[in-house]
Amino acid sequence: MTAAERAPLARRLGSLLYEALVILALSIFLFILPVAIFAGLTQRMPGTAVLWFYLFTLLGTYFVWCWARAGQTLAMKTWRLRLIDAQSGRPLRPLQAIVRYGMGWLCWPTGLALLWSFIDPDRQFLHDRIAGSRIVQIPK
């Protein structure tokens, strides 16, 4: 893979910030609203573990579906990025997308994803290295 095909770190981080806005919108309509309706109808809030599991599953469905189906989320389309299998250059397999998603939950909150990108020879994030995936820039 040539350096021209690799997505620059700044572009990937820009896409990540845009993704945060998409996640916020998803959370409002598919997380907060159903939880508020449930609480209003039952006069009870679901437990913390249930809420975290619901959020993890909701976001996982969005990311895994987008990555395995088209190799892109909405933010990645906007920033002209695509997620591919690092070995074959093909779209991710569903299991590979699930591994990337799960490892992202471990790597981003701890800062390992970003720190790893500074020492990785290809400037890839840690969860991409583990999942065998790569983010590439789509030419204009």
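Helices are DSSP runs of H or I with at least four residues, numbered from the N terminus. Axes are lines fitted to C-alpha atoms, for helices over the stretch in contact, and angles run from 0 to 180 degrees between N-to-C directions.

The model is predicted: local features need pLDDT of at least 70, side-chain atom pairs count only at pLDDT 80 or more, and totals for chains, interfaces and linings use all residues. Residues are numbered from 1 along each chain as its sequence is written, and side-chain values use heavy atoms, with hydrogens and water left out.

Helix H4 (residues 94–110) packs against helix H5 (residues 112–119) at an angle of about 80°, the axes being 5 Å apart. H4 is therefore roughly perpendicular to H5 (65 to 115 degrees). Cys-107, Trp-108 and Thr-110 of H4 make the contact with Leu-112, Ala-113 and Leu-114 of H5, where contact means heavy atoms within 4.5 Å. By class, this contact of H4 with H5 has 5 nonpolar, 1 polar and no charged residues; Ala, Val, Leu, Ile, Met, Phe, Trp, Tyr, Cys and Pro count as nonpolar, Asp, Glu, Lys and Arg as charged, and the others, Gly among them, as polar.

Two glutamines are buried (under 20% relative accessible area, 1.4 Å probe, protein chains only), as tabulated.

| Residue | Location | Relative accessible area |
|---|---|---|
| Gln-96 | helix H4 | 5% |
| Gln-124 | loop between H5 and helix H6 (126–131) | 1% |

Not counting residues up to four places away in sequence, Gln-96 touches Asp-85, Ala-131, Gly-132 and Ser-133. With neighbours within four places in sequence left aside, Gln-124 contacts Arg-12, Trp-116, Ser-117, Arg-129, Ser-133, Arg-134 and Ile-135.

Conventions: Helices (H or I, at least four residues) and strands (E, at least two) are DSSP runs, numbered from the N terminus. Angles under 35 degrees count as roughly parallel, over 145 as roughly antiparallel, 65 to 115 as roughly perpendicular and the rest as oblique. Buried means under 20% relative accessible area, exposed over 50%, partly exposed in between (1.4 Å probe, protein chains only).
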